[in-house]
Amino acid sequence: MTPSVSDLTRTFARIGCLSFGGPAAQIALMHRTLVDEKKWVDEPDYLRALSFCMLLPGPEAMQLATWIGWRLHGVRGGLIAGGLFVLPGAVVVLALSMVYAAYGTLPLVAALFTGIQAAVVAVVIEALLRVSKRALKSRGAYVIAALAFAGLYFLNAPFPLIIMAAGIYGFLTSRDGAVPSGAPAFSAGAAARTALLWAVIWLAPLGVLVLADAGLLAEIGAFFAKLAVLTFGGAYAVLAWMAQDVVQVKGWLSLRQMIDGLGLAETTPGPLILVTEFVGYMAAHREGGVMLGLAAAVVTLWMTFVPSFGFIFTGAPFIARLTAMPRLSGALAAITAAVVGVIANLSLWFALHVLFRSVETLTYGPVRIALPDLTSLNPVALVIGLGAGWLLLVRHVPLLWVLALSALASAAASLA
């Protein structure tokens, strides 16, 4: 059954407002609503589309929503479904960013966020365990993950290089397979025209900012444009690179602000990569106040999410053929294994800077090792982090409750 455009709009507005809990929960919500209840898409097509979205950079749940909208009502349906999947969370993140920029330095508010920071460490470790279970199924996968971790943590290798090397290795070590019968022929011309159109739509505003010498806005646009095409393996995969770049290289945010932004994004509906909106707003607010912050939030959202529409509208007609290519699947499997190492690096980096007030970096030639000052341990953060880990990993308490309890515990410790 094909729904009307108004039915599609109402359904995805509801999904956008309820899409808490990360991509796994969001994909399950869409499956229950659209496959089981409404029967707008059948199971095999849904799973093939999900496999295709997992091959792409960017938020796979948002891309899957876009594909469902495209399947039902073409490009208009894809824009409605994908846009409504992101919009509610984007509005909430922007509102929280504005509140944080205005009041985040108050002692009680700072204490609340100390608890959230400690809980975020447990959240990232939970993501590491979840991804490891899915990705590390062979000795080679463990080796790729270990090399990715070592390259990032000890050698400070560029994140794009790690992902690119893993993808090339997986592609070259896989064999081609047979294309399923009935799969549509791949039209390079049609795909190229669609890709070019969306590349122009995506990058034209950035070109205007560069030509207008827009300074920080142009820099923010270029940074998140690069980020958008490198976000393989989910938001956590790219967070370590983004966090270290915006904190240590560009100086847009402090480390505490970066971790607070991740905590805010965890509490809102929509893709976790909406944390980029917080980063863009805070970086511009610091330099030019609320109006520049609002402009930067819009630029960040555009550069982060528009490419996903282009990917789906370009590849959607050929999903059956593309998902049957073992070389692409091999590349994705290697990238996913490397993502385990990337998230392990993120987990350790966050833990060191949240649990210890002082962390030094020792350098031995090309090797860099971060070592904490053990006397600077924050006992409150340690206790809250362990408690959050127990609630998440052992008791399986919903994430929103864990973050709220962690914030309240930190505030109580501060008042005491």
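Residues are numbered from 1 along each chain as its sequence is written, and side-chain values rest on heavy atoms, with hydrogens and water left out. Because the model is predicted, local features require pLDDT of at least 70 and side-chain atom pairs count only at pLDDT 80 or more, whereas totals for chains, interfaces and linings use all residues.

The protein chain contains 16 helices and two strands; helices (H or I, at least four residues) and strands (E, at least two) are DSSP runs numbered from the N terminus. Along the principal axes, its C-alpha atoms fill a box of roughly 65 × 50 × 45 Å. Of the 416 residues, 50% are buried (under 20% relative accessible area; exposed is over 50% and partly exposed in between, with a 1.4 Å probe and protein chains only). Among contacts (heavy atoms within 4.5 Å) with a separation of 6 or more, 74% join residues 24 or more positions apart.

Side chains of opposite charge can pair when their charged atoms come close. The structure holds three salt bridges, each defined as a side-chain nitrogen of Lys or Arg within 4 Å of a carboxyl oxygen of Asp or Glu. In the pair formed by Arg 10 and Asp 7, the closest N and O atoms are 2.2 Å apart. These two residues are separated by about one helical turn, because they stand three residues apart in helix 1 (residues 5–18). Arg 10 is exposed at 52% relative accessible area, while Asp 7 is partly exposed at 29%.

Arg 71 pairs with Asp 45, with 2.7 Å between the closest N and O atoms. This bridge links distant parts of the chain, as Arg 71 belongs to helix 4 and Asp 45 to helix 3 (residues 43–54), 26 residues apart. Arg 71 is partly exposed at 40% relative accessibility, whereas Asp 45 is buried at 14%.

Lys 250 and Glu 219 form a salt bridge with an N to O distance of 3.5 Å. Lys 250 lies in the loop between helix 10 (235–249) and helix 11 (255–266) and Glu 219 in helix 9 (residues 216–228), so the pair ties together parts 31 residues apart in sequence. Lys 250 is partly exposed at 30% relative accessibility, and Glu 219 is partly exposed at 36%.

Grid points are joined across faces, edges and corners, and a volume is the space filled by probe spheres set on the points.

The second largest pocket holds about 330 Å³ of space. Its lining comprises 19 residues, of which Gly 83, Val 86, Leu 87, Ala 90 and Leu 301 lie nearest the centre. Helix 4 (60–103) and helix 12 (275–315) are the elements that give two or more residues to this lining, and helix 4 supplies the largest share, 10 residues.

One cavity of 30 Å³ or more is present. The largest cavity has a volume of about 40 Å³ and is lined by Gly 58, Pro 59, Leu 227, Ala 228, Thr 231, Ile 273, Thr 276 and Thr 304.

Note on methods
On a 1 Å grid over the protein atoms alone, a cavity is a set of points where a 1.4 Å probe fits but cannot get out, and a pocket is an open set with protein on both sides within 12 Å along at least five of seven lines; lining residues have an atom within 4 Å of a point.
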